[in-house]
Amino acid sequence: MTFIGDRQELCDLAIEVAKKAGELLMKRPAVFDLSEKSSVLDFATQMDIQSEALIVKSLLEIRPDDGIVGEEGANRESKSGVTWVIDPIDGTVNYFYGLPGWNISIGVKDETGVIAGAVFSPTTNSLWWATRGGGAFYNGLKISCNNPVTLDNALIASGFGYDRSARVSQSADIAKLLPIIRDVRRNGAAAVDLCYVAMGAVDAYFEEGLNEWDLAAGGLIATEAGAVISDRTGGAPGKSMVLAAGPALHRELLAALAI
Ligand code: LIP
């Protein structure tokens with residue numbers, strides 16, 4: 001079903017719940033309980049799990065017929081046609097080490113794709129949000145990506161997966177680009193990297209191995225800010241590659257990564 005209600009209402013609910021989870025997470029524990037996932041590098045803390053539980057409970061209290069997809073295992077069929085896509089802590093490693101930039105990323109989709117999303121980074125007092133067709137915002141101000149930007153002037157964010165074998169190709173891409181761009185930034189949280197593209201804090205972002213919850217909210221925010229987002233071939237973004245940049249730089253990066 002296509003959602004025909006008020007997309008901003010969904011967005012406002014995502015913002016409210018993300019902020020509630022942010023309050024919980026800012027009480028960072030002295031002792032962590034780690035649950036290993038896909039590899040020894042890929043773990044959830046007890047706070048990832050608590051944050052997801054709080055987000056799910058808060059959303060379903062308001063919208064009990066909605067579906068849920070969460071990084072830490074929340075999975076619920078939608079009866080309303082609306083499904084929430086949750087990363088309860090995006091940048092878990094940053095959170096574990098006490099580094100800034102971790103965030104709560106909450107997207108919401110219907111059968112046509114993501115229709116609203118919010119990314120909240122409490123350590124940097126940053127809140128980004130967007131509704132499809134409604135533009136992208138950072139702390140209340142409308143934002144747009146940098147365009148045009150040439151490759152030799154580009155500041156590019158990237159990231160590396162938990163699967164060490166994937167890092168061979170990821171580092172090959174970095175080695176290819178580093179000599180011909182301005183510089184690289186590795187912030188450690190995909191959703192914020194996508195929001196940085198949206199607000200022009202970086203010129204592009206690319207990463208392999210992302211999941212739906214890493215991409216849902218930040219991807220909409222980036223596209224609503226005028227960025228183009230694709231995989232390495234120009235097709236739909238996903239696990240194989242997420243590449244986001246203003247249109248001119250996106251074209252140059254597709255060509256550079258294809259070599
Ligand atoms: C993380 C991403 C980051 C990526 C990590 C991990 P998580 O998400 O935000 O960009 O490099 O491998 O996927 O696991 O912290 O939600």
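**Exercise 1.** At what angle do helix 4 (residues 167-177) and helix 7 (residues 247-258) pack, and how far apart are their axes? Characterise the geometry and the contact of helix 4 with helix 7 in this predicted model.

*Solution.* Begin with the axes: helix 4 and helix 7 pack at about 115 degrees, and 10 Å separates their axes. Angles of 65 to 115 degrees count as roughly perpendicular. Helix 4 and helix 7 are therefore roughly perpendicular to each other. Next, consider the handedness: the crossing of helix 4 past helix 7 is right-handed. Finally, list the residues that meet. Helix 4 contributes Asp 173, Lys 176 and Leu 177, while helix 7 contributes Leu 253, Ala 256 and Leu 257. Sorted by class, this contact has four nonpolar and two charged residues, with no polar ones.

**Exercise 2.** Describe how the chain is divided into domains and what the domains bury between them.

*Solution.* The division gives domain 1 (7-142) and domain 2 (151-258). Taken over C-alpha atoms, the centres of domain 1 and domain 2 are separated by 21 Å. To the contact, domain 1 gives 38 residues and domain 2 gives 22 residues. Between them, domain 1 and domain 2 bury about 2200 Å², with 66% of it on carbon and sulfur atoms.

**Exercise 3.** Locate Pro 148 and Asn 125, and state the backbone feature of each.

*Solution.* Pro 148 is placed in the loop between strand 10 (141-142) and strand 11 (155-158). The peptide bond leading from Asn 147 to Pro 148 is cis, its omega being near -5 degrees. Asn 125 belongs to the loop between strand 7 (113-121) and strand 8 (126-131). Although not a glycine, Asn 125 has a positive phi of about 50 degrees.

Notes: Residues are numbered from 1 along each chain as its sequence is written. This is a predicted model: local features need pLDDT of at least 70, side-chain atom pairs count only at pLDDT 80 or more; totals for chains, interfaces and linings use all residues. Side-chain values use heavy atoms; hydrogens and water are left out. Axes are lines fitted to C-alpha atoms, for helices over the stretch in contact, and angles run from 0 to 180 degrees between N-to-C directions. Helices (H or I, at least four residues) and strands (E, at least two) are DSSP runs, numbered from the N terminus. Angles under 35 degrees count as roughly parallel, over 145 as roughly antiparallel, 65 to 115 as roughly perpendicular and the rest as oblique. A crossing is left-handed if the near helix is turned anticlockwise from the far one by less than a right angle, and right-handed if clockwise. Contact means heavy atoms within 4.5 Å. Ala, Val, Leu, Ile, Met, Phe, Trp, Tyr, Cys and Pro count as nonpolar, Asp, Glu, Lys and Arg as charged, and the others, Gly among them, as polar. Domain bounds come from an automatic or database domain assignment. Buried area is the accessible area (1.4 Å probe) that two parts lose on being put together, summed over both.
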